[in-house]
Amino acid sequence: GAPGSLLATAGAMRAAGLLLAWALLHPAATQQCHPASPGGVLRFTDRHAEIRVPALHRVPSSLDPLYGLVRRCLDLIQQNPLPTELLRTALNDPGSVRTAQVVQYELGYVVCAAVALLFTVAVPVAGMCFCYCRSRRRCGGRLRAHRRSLGCRRRCLLACLSFTSLIILISVTCAFVTSQRVKGQMEPGLGAVPSTLRTLRQHLANVPQGVQMVVDKFEVPRKQIISDLGGLSRSVGLSIHAQLKAMTYAALADLQDRAGGTAGARLSPGPGTGPGSGPKPRRGGRAEQRKPQGAGTSSTGRIPVGGQRVGCRDHPALQHSLGPADLRDDLARTADKVQSIADGFPLPDYTRPVSEALLKAEDRSQPYLREVERFERYRWIAGTVLCSIILLILACNVTGMALGAYGLSKREDPSDYECRGEAGAKFLLVGVGLAFLFSWLLILLVFATFLVGGNIQTLVCRNWVNQEIYKFIDTPGNLPPSMNLTRQLNLRRDSNLSSAYRECKSGAGLWEVLQLDRSYDLDEHLKSPKYTADFQKRLGDFTANLGDVRLLRSEGRQDLETFARSGADEVDYGRFQEEMKNPVVQTSLPGLARNLEGLQKMQRNSTVAGRLAAEARALWQMQNSTVQSQEALVAKLGESVQFLSRLAPHLKERVKRTLATTASVEARLPVQAQQILRQELGCFTRKELRYFTQYLSWVGQTLREDVASCQPLATALDNGRVILCDRIADPWNAFWFSLGCCTFFLIPNIIFAVRLTKHFRPIRNRLM
């Protein structure tokens with residue numbers, strides 16, 4: 001082969017890195033198969049729940065100890081459980097309800113009513129009696145005699161009146177605060193009833209649109225899968241390159257070493273000359289060429305290696321049977337299957353009874369809510385006025401005690417008249433008069449609010465918390481047919497309100513609690529194989545043809561085998577190198593030329609002198625052209641012979657090992673590349689299937705917890721309990737309790753005030 005073929009071998013060796021695909025031109029790190037990477041998590045936005053029923057919770061308050069005290073008092077007053085028989089009779093046949101049954105259940109409230117009635121009658125009567133006595137000057141006058149114990153009694157009365165006034169002040173403050181809290185919670189609480197019912201109806205009405213929105217979000221995994229398909233070839237090429245480059249490059253490096261040895265063994269010193277072909281002196285003074293022994297004639301020093309070809313076979317490419325269009329068609333068919341979720345969703349026809357029941361409840365609740373709002377407005381006005389009167393009574397007490405005590409300190413003789421002490425006594429009597437005058441109004445307001453709030457707490461809230469109300473509703477026969485909630489809400493026939501509430505609260509879907517013509521299992525509709533079977537089968541049927549992988553062409557293999565059989569290992573390189581130490585010519589051409597030039601100068605015959613000059617020039621030309629170039633070639637030949645002498649002893653073994661390694665790598669490359677390809681396709685398939693799984697999981701979660709969830713129904717019931725019991729009933733009951741404390745402490749307040757007025761007035765008869 002031509003010498004230029006060996007020079008091209010090294011370039012062909014480096015090109016062998018383009019083994020399997022164009023991606024191999026760009027070495028990169030192995031793309032490993034990670035079970036879950038941040039890039040593999042899909043993000044779904046624009047969820048349906050713009051219509052929500054926000055969950056309300058009990059808010060901790062500084063008045064919680066007071067609320068707890070009131071609830072314990074009510075538990076003592078009403079110790080009876082839920083009156084199921086009484087309620088059943090009242091709901092199914094109101095005319096047959098017996099008064100004795102009501103009194104028996106409301107016995108605690110009846111006792112409280114008797115106490116309130118007694119207070120309402122007794123206190124005003126006592127006030128009229130006191131006024132009559134004052135008009136007859138028989139009570140509330142002056143002390144008749146001065147005793148040493150009067151100072152102690154006066155201080156005791158002052159302390160007792162101050163203590164009762166302090167208790168009344170604390171109670172009226174709590175009454176003011178709780179009254180304002182009831183007013184602040186009543187308006188939004190009443191408004192929450194129709195708004196919650198409307199929100200529930202909108203939630204049910206928007207189920208079809210919400211389901212379609214969820215189905216349309218299949219576009220998110222579809223776009224991601226199409227994007228991944230676009231980078232599949234590059235990903236596979238990079239992975240194959242990264243995992244096979246070590247083995248391939250090692251084999252190529254071995255081939256490059258063998259090719260370098262072959263190129264270094266070129267021993268041709270030049271055409272037409274041998275290692276010992278120098279000029280000999282010719283007869284008549286001309287030089288002759290000398291040929292070393294065993295060197296042969298022209299070109300006998302060249303070892304015939306030939307032009308080996310080492311490299312890849314035209315960059316074999318990854319030819320496969322899988323087309324992106326096929327997978328896109330599979331995704332389009334999968335999108336049609338996903339659309340069947342929305343088409344087959346059963347709810348729109350079965351939520352109509354629930355919507356109608358909610359609309360009916362909203363319409364019927366409006367008149368009652370307006371009445372409650374009107375009653376609450378009257379309660380707040382009455383409570384504010386009466387609390388203000390109590391504050392006025394306390395102001396009279398404080399002013400009276402202050403003026404009276406100051407007057408006593410200024411009076412030298414107990415029998416002397418002192419205007420400030422007299423004014424203090426009158427202020428106390430004004431407070432007593434106000435207490436007598438408004439006590440009956442106070443007790444009426446206390447009892448009215450107590451009767452309403454107490455029954456709400458003991459009959460409704462207490463049984464709502466312990467689920468007794470749900471049990472009562474679930475028991476057949478307790479409610480009249482017109483109030484059959486299971487039928488009105490279209491609940492499952494094997495279900496009831498309690499079980500539906502528990503299921504909804506735990507996150508069940510509407511289709512799981514409503515009565516459907518046929519059962520609907522969402523989990524069955526969301527199983528991944530139903531949507532991924534075609535896609536997975538398409539990837540599983542993938543086939544690839546890696547082409548004919550050749551690291552060394554047949555020409556290069558033959559050149560290496562020929563070089564190994566050339567007998568380079570049998571040459572006597574020592575004797576050869578000794579021969580090369582001899583000069584190219586035995587005679588010094590420059591010395592001979594200078595001798596001829598000297599003879600030419602001494603020659604008198606011009607003809608002979610001219611011939612001598614011509615010969616001298618010829619010798620100089622031979623020295624400068626032929627001899628010097630052959631000396632350079634001999635030096636280069638010496639390097640080649642020295643290199644070959646080192647290579648020759650192991651030449652056959654190394655060539656044999658290189659060819660065996662090359663054949664082994666050529667055989668292993670397709671097999672391992674196929675294995676890597678299957679592995680990468682497996683990773684790709686699992687990654688894309690995770691997108692399907694994420695989407696289907698999100699669909700199930702969104703339908704259950706958001707779009708078609710019945711949790712808003714349970715949340716609405718819980719919110720009703722929080723609003724009625726925690727935000728309205730608790731401060732309502734705390735209001736009547738605080739106002740009742742004020743009212744009952746007015747009795748000792750009246751007694752202490754009347755007794756104390758005598759000590760602020762002058763004594764009629766002074767006794768020593």
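# Reading the helices, loops and cores

Reader: Where does Q467 lie?

Author: Q467 sits in the loop between α13 (419-465) and α14 (468-474). Helices (H or I, at least four residues) and strands (E, at least two) are DSSP runs, numbered from the N terminus. This is a predicted model: local features need pLDDT of at least 70, side-chain atom pairs count only at pLDDT 80 or more, and totals for chains, interfaces and linings use all residues. Residues are numbered from 1 along each chain as its sequence is written, and side-chain values use heavy atoms, with hydrogens and water left out.

Reader: Is Q467 buried, exposed or partly exposed?

Author: Buried means under 20% relative accessible area, exposed over 50%, partly exposed in between (1.4 Å probe, protein chains only). Q467 has 28% relative accessibility, so it counts as partly exposed. N490 has 16%, so it counts as buried.

Reader: Which residues does Q515 touch?

Author: Contact means heavy atoms within 4.5 Å. Leave out residues up to four places away in sequence: Q515 then touches Y350, N490, L491, R492 and R493. Q515 is in the loop between α16 (497-505) and α17 (522-525). Its relative accessible area is 18%, so Q515 is buried.

Reader: How far is the side chain of Q515 from the backbone nitrogen of R493?

Author: A polar contact is a pair of N or O atoms within 3.5 Å; within protein, one must be able to donate a hydrogen and the other to accept it, and residues adjacent in sequence count only if both atoms are side-chain atoms. A polar atom of the Q515 side chain lies 3.0 Å from the backbone nitrogen of R493. Now take T743, in helix α24 (residues 711-759). The T743 side chain reaches the backbone oxygen of L739 at 2.8 Å. T743 has 0% relative accessibility, so it counts as buried. Beyond four places in sequence, T743 touches F119, S439, L442, I443 and V446.

Reader: Which residues touch the most other members of the largest nonpolar core?

Author: A nonpolar core is a set of buried Ala, Val, Leu, Ile, Met, Phe, Trp, Tyr and Cys residues joined through side-chain atoms within 4.5 Å. The largest has 98 residues; F345, L347, W511, L514, Y695 and L703 touch the most other members. Helix α23 (residues 651-707) gives the most to this core, with 19 residues. Apart from it lies another core, of 38 residues, among them C387, V432, F436 and F760.

Reader: What should helix α21 span?

Author: The expected span of a helix is 1.5 Å times one less than its number of residues. Helix α21 (residues 589-602) has 14 residues, so it should span 20 Å; its end C-alpha atoms are 20 Å apart, which agrees. In α21, the buried residues are L589, P590, G591, L592, A593 and L596. Their cover includes α22 (606-647).

Reader: Where does UniProt place the feature "transmembrane region"?

Author: UniProt positions are given in the numbering used here, feature names are shortened, and annotations may be inferred rather than shown by experiment. The UniProt record (unreviewed entry) places the feature at residues 107-135, 156-178, 380-406, 427-452 and 734-756. Over residues 380-406 the chain is 100% helix and 0% strand, with end C-alpha atoms 39 Å apart. Residues 734-756 are 100% helix and 0% strand, with end C-alpha atoms 32 Å apart.
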